[in-house]
Amino acid sequence: MNLIQESYERLFPEKEFSYNAKMEYNRRLAPFNANIALHRNVLSVNMNLQWKDIDEEIKIGLIQHLLLKIFRKKGMTQNIELYNNFTKNIHILTPKDKIDPQLEISFDRVNKLFLESSLEKPNLCWGTDSRRKLAHYNFHNDTITVSTIFKEAAPHVLDYVMYHEMLHKHFKFEHNNGRSSYHSPAFKAAERQYPEYQEIEKEITGLIRGMKKKPASLWRFFR
Ligand SMILES: [Zn+2]
């Protein structure tokens, strides 16, 4: 029996598996990423090559997690629990080789001030000059990415953005009923520990608005 069928039958014991299952490992996906697709009768799962050597019970949890998503069902199994625990520890397996010096200074400062220097350093990268996605933490590759619009910002503004993403790593994600909640009440309470955070949020809004107002003709000069 293949792994997809095994996962399906353990997850939905009352149902019959009537698909043509296809499992593939490839290098195109981001680290520890995976996806699932259903076309007619073909149920295919793609996993990043890194999954190949991972324990089958964990992989079954991953596939079950994907099956719940594609069939829009909720559920919890021992395998999904194993998988959830595994994803929380993926950062240990990730090399830390992309650490930007400016972001590292901010990270160290925030870590010392708010987290007793307890947070293990992730990769720290600049992203694009996005105004919609200011920053994010990706637990698959243990990386905090910050929009380049903060490159020239005051240190306390960058620190606040950094703090938010560091809290994502700190809290990881909490699972309830198979759904992840990223900004839990505990998360928000911790975020509000940041001094004058409301003022800083206004500054960030101002920073974004200021950029938008810049007329197109001006941009040409500065290119
Ligand atoms: Zn967030």
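Is His164 buried or exposed at 18% relative accessibility? His164 counts as buried, because its relative accessibility is 18% (buried means under 20% relative accessible area, exposed over 50%, partly exposed in between, with a 1.4 Å probe and protein chains only). This is a predicted model: local features need pLDDT of at least 70, side-chain atom pairs count only at pLDDT 80 or more, and totals for chains, interfaces and linings use all residues. Residues are numbered from 1 along each chain as its sequence is written, and side-chain values use heavy atoms, leaving out hydrogens and water.

**Zinc site**
- His164, His168 and His183 each give NE2 as a protein donor, 2.1 Å from the zinc ion (donors are N, O and S atoms within 2.8 Å of the metal, or 3.2 Å for Na, K and Ca; water is not among the atoms, so sites may look incomplete).
- His164 sits in helix H6 and His183 in the loop between strand E8 and helix H7, so the pair ties together parts 19 residues apart in sequence (helices, H or I, of at least four residues and strands, E, of at least two are DSSP runs, numbered from the N terminus).
- His183 is partly exposed, at 39%.

**Salt bridges**
- The structure holds 9 salt bridges (a side-chain nitrogen of Lys or Arg within 4 Å of a carboxyl oxygen of Asp or Glu).
- Asp142 and Lys169 form one, at 3.0 Å from N to O.
- That pair links the loop between E5 and E6 to helix H6, 27 residues apart.
- Both Asp142 and Lys169 are buried.
- Lys96 also bridges to Asp142, with the closest N and O atoms 3.2 Å apart.
- A network of salt bridges links Lys96, Glu120, Asp142 and Lys169.
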